[in-house]
Amino acid sequence: MSDTDEMIRNYEARLAEIEARLARMEGGAGPRPVPAAPRRGGGLRLGVDVGGTFTDLLLLDETRNRIVTAKVPSTPEDSSIGVLNGIERICRDAGIAPSDISEVMHGTTVATNTVLTSSGATVGLVTTRGYRDTLQIARSYVPGGLGGWVIWNKSLPLAPLELTVEADERMGADGKVVRPLDEPAIRRDLATLKGRIEALTISLFNGYANPAHELRVAEIAREVLPGLPVSTGAAIMPEMYEYERTETCVVNSYVRPVVSRYVENLARELRSRMGEVNLQILRSDGGLSSAQAATETPVNLLMSGPAGGVSGAKWIARNAGFRNLLTFDMGGTSTDVALIEDGEARTRRETRVGDVTVRAPSIDVRTVGAGGGSIAYVPELTKALRVGPQSAGAAPGPAAYDKGGEAPTVTDANVVLGYLPSDAKLGGDMAIRRDLAAKAVETIAGPLAKSVEDAAEGVIAIVNENMCGALRLVSVEQGYDPRDFALIGFGGAGPLHANALARLINSWPAIVPPGPGVLCAYGDATTRLRNEASRTFVTKTAETSDAEIGRMLSELEAAAATDLENEGVGRAEQETIYQIDIRYHGQGMKLTVDMTPETFRREGVRGVAARFDAEHEKLFTFALDAEHELVGLRAVVQGQEKPFIGKDYGAGGPDVSHAVIQDTRVYVDAAWREAKIYDRAKLQAGAVVPGPAIVTEMDSTTLILPDHEGIVDKVGNILIWPTGHAELGARKTR
């Protein structure tokens, strides 16, 4: 053995000692959360969702089998204030003390807004010597393609070059040390960052294969830069692909101080008012994480807000007997859509916010700039009506809100057409003025040479087509036929448009759940704790075995399961899904195949390849007769589902005359039609609401079009069908 080999062997042994000492702090399977606060009795769970205009809260009382909801104004300057105000209100409405609540599940947009508003931390970056420009080179991706004139002002990396230092080291792809770490040099370089950065990322070449160098640099950084948040690439994303791993870890560092400050402040305030309450944060993939895990890996929270709505829709529809769904969440500024197949939402292994893309799991939600506040306008050049993506937002808001808004919006069009009655109360206390809405819509009716009503109907038709395009992205373009899915509409504005969208894409029924305006909070309150562990493993399927892959997956499952046990979820309460990343040998892209442990034991690697071929053919219309190559392995472990709590909606007949509030008129297909307004609180299971009709409740309003009817099911959903065609969806239920 040469002197060099002996030196490297001794160095590896020393690094192994360091790795063992730091494993619990920066382990490759992700940060280990501290044990959760002990759960108190009482069965009171609170879901909290913070939106741009309102903060929604939903209390699930298992003991009394009841649900209590509340909406309070959001406080953008500090969203925790709105959360605390909402807790006070819902406790008052429910007649309970805050200390009676045992668990708070919170969907938050703090991480998302931090990226969108460029208000994160100043991040320093440590890379391997020669890889300083990893973020600048990226993947040479230009949004919008190259077909035509392209002008794109590329955003600067979140870790600037002047704050990037190079570590003199090199790890091989096989995990062996090629060049030992120069510790004195990295210590000197890290000292130059003191006082200049607020968070540090360490992402070294091939760090996923062996994190020893990253862990040692992290140890030195804590000595040189005490108190600074440190994230390592192998801990945040222990998978290959240098740019994606570095970008993901940098984004984690960028949002970490902001998210940590918010979560820690909220947790402290909750403890002072509610005792040892268990605070959990919704992840982008629809699972829950502990408050501590959320502060350490906030990159997993970038799509926390939209994930709550999908989780709530899945829960409600499953209990109504529907397994295949298109979800449609329409708020004030945008609309989020997703697809649920066989009771599970489709997920993807990347999350995109603005022009930042990270390798973090998230529900496959697509967003379009179409909401109740979207502004309608007529360009001088084309004289063609346009809607959005510009929005009136919460301030000044639509003209009908009488808060200073003057531009015509989708909400104003709904008011003009009678879909949103002028005597309705948004959130229970916000009045609507039809005269101001009509005045705003008149500004586009004139240039179009149309009546106010026809111009308003044009606004609704365009925004519906915009949202229909988003639904096609998650269905048709993914190989799914929308006719095989029901459509569930929620959010403050979703129920107004659900019937029209179902008619456009032929997805029946259009489902409007109880409390559609607070469904995101319902999703927060009913979702499950979730954790995962992963590793890169690149090999041809012919060169491995079921036993080898099964052993590695079992090890990953054990690592993820241990973290959930620390959260108070015993092994007997856990469920596991294996995810195998696979591609054709020679491909750059990959797909992920999901399998239960039992299915993998039954089908093995051959079954993984067969499932990949089927998915490839569905997405791209072909499958190759070529070698298959595994890329990565992952184990996702979840806690048990929480029990369903629903109001007893009785068993009334189809008659709904007792629920009529008043007669009204709605403008549909260029004509005014007689309609009725119904009080949803008085509708029992079995009720049939003939269209045209308006159904009102505290947090939303539902429109049922002519030649359609709304049937109230056993759990309170309004199922909208073409009149006399309810049998269209028989195959969509269990």
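Strand 5 (residues 123–128) and strand 9 (residues 199–202) run parallel and are joined by 4 bridges, where strands are DSSP runs of E of at least two residues and helices are runs of H or I of at least four, both numbered from the N terminus. Within this pair, V126 has I202 of strand 9 as its bridge partner. The structure is a predicted model, in which local features need pLDDT of at least 70 and side-chain atom pairs count only at pLDDT 80 or more, whereas totals for chains, interfaces and linings use all residues. Residues are numbered from 1 along each chain as its sequence is written, and side-chain values use heavy atoms, with hydrogens and water left out.

Strands of a sheet pair through backbone hydrogen bonds, either parallel or antiparallel. Here, 4 strands form an open sheet with parallel pairing, in the order 6-5-9-10, two strands being counted as paired if DSSP finds at least two bridges between them. Strand 6 (164–167) and strand 10 (230–232) are the edge strands, each of which pairs on one side only.

Strand 1 (residues 44–50) is largely enclosed by the rest of the structure, because 7 of its 7 residues are buried, that is, under 20% relative accessible area with a 1.4 Å probe and protein chains only, against over 50% for exposed and in between for partly exposed. Both faces of strand 1 are covered, with L44, L46, V48 and V50 buried on one side and R45, G47 and D49 buried on the other. Strand 1 runs antiparallel to strand 2 (residues 54–61), to which 7 bridges join it, and L46 has L59 of strand 2 as its bridge partner.
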